[in-house]
Amino acid sequence: MNQRRFKEIQKSIEEKFVKNLEKLDLSSKERFLETFPNIWKKKRKFEEHVRKRIEMGHISLENSELFYAKKIIEVLATAEDIYVEFGETEHKVDYVKSKDWIVILGKKGKIETAYKLEINLQTLLESHKIKYEIQRGHFNEEFRKAIKSLWNRVKLF
């Protein structure tokens with residue numbers, strides 16, 4: 001597949017994600033936490049992922065939901081690497097910070113998952129090549145600006 005198609009996929013996912021951010025209420029920490037699951041693939045998945053990250057030792061039990069939500073926004077705002085994954089039925093964009101944490105957005109512009117990388121990034125990408133064609137993504141300044149603006153508000157909670 002050509003690089004133009006990968007750019008189109010990334011742009012589409014990022015535009016949908018920015019639109020989905022309208023579902024967040026930033027009026028207070030409590031409202032932010034109540035509305036954050038709205039930007040997940042399925043609302044209940046956020047709580048499931050929080051429990052799993054606690055069990056895996058990626059986040060502590062204290063303030064776990066807030067820490068996890070803030071970590072996700074931080075990774076999206078400060079990602080150093082972006083990869084676009086194209087599969088037969090689904091497409092994803094991976095955002096990686098310091099080769100330490102990864103956030104994956106799905107084709108509907110919703111968060112699929114986010115976790116601390118416990119294996120080498122290249123090993124992870126190789127394992128994904130079984131189902132996906134992968135190309136390095138490109139930084140979209142509009143997306144970055146929107147996420148950094150969100151991060152500047154959320155990090156104060």
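Contact here means heavy atoms within 4.5 Å. This is a predicted model, so local features need pLDDT of at least 70 and side-chain atom pairs count only at pLDDT 80 or more, while totals for chains, interfaces and linings use all residues. Residues are numbered from 1 along each chain as its sequence is written, and side-chain values use heavy atoms, with hydrogens and water left out.

**Helix α3**

- Helices are DSSP runs of H or I with at least four residues, strands are E runs of at least two, and both are numbered from the N terminus.
- In α3 (residues 43-55), Phe46, His49, Val50 and Arg53 are buried (under 20% relative accessible area with a 1.4 Å probe, protein chains only).
- Those buried residues fall within an arc of 105° seen down the axis of α3, so they line one face of the helix; the arc uses directions from the helix axis to the C-beta atoms.
- They pack against α4 (64-78) and β4 (111-116).
- After α3 comes Gly57, with a positive phi near 80°.

**Cavities**

- There are two cavities of 30 Å³ or more (on a 1 Å grid over the protein atoms alone, points where a 1.4 Å probe fits but cannot get out; lining residues have an atom within 4 Å of a point).
- The largest cavity holds about 40 Å³ of space, and its lining includes Leu76, Tyr95, Phe139 and Arg144.

Methods. Buried means under 20% relative accessible area, exposed over 50%, partly exposed in between (1.4 Å probe, protein chains only). On a 1 Å grid over the protein atoms alone, a cavity is a set of points where a 1.4 Å probe fits but cannot get out, and a pocket is an open set with protein on both sides within 12 Å along at least five of seven lines; lining residues have an atom within 4 Å of a point. Grid points are joined across faces, edges and corners, and a volume is the space filled by probe spheres set on the points.
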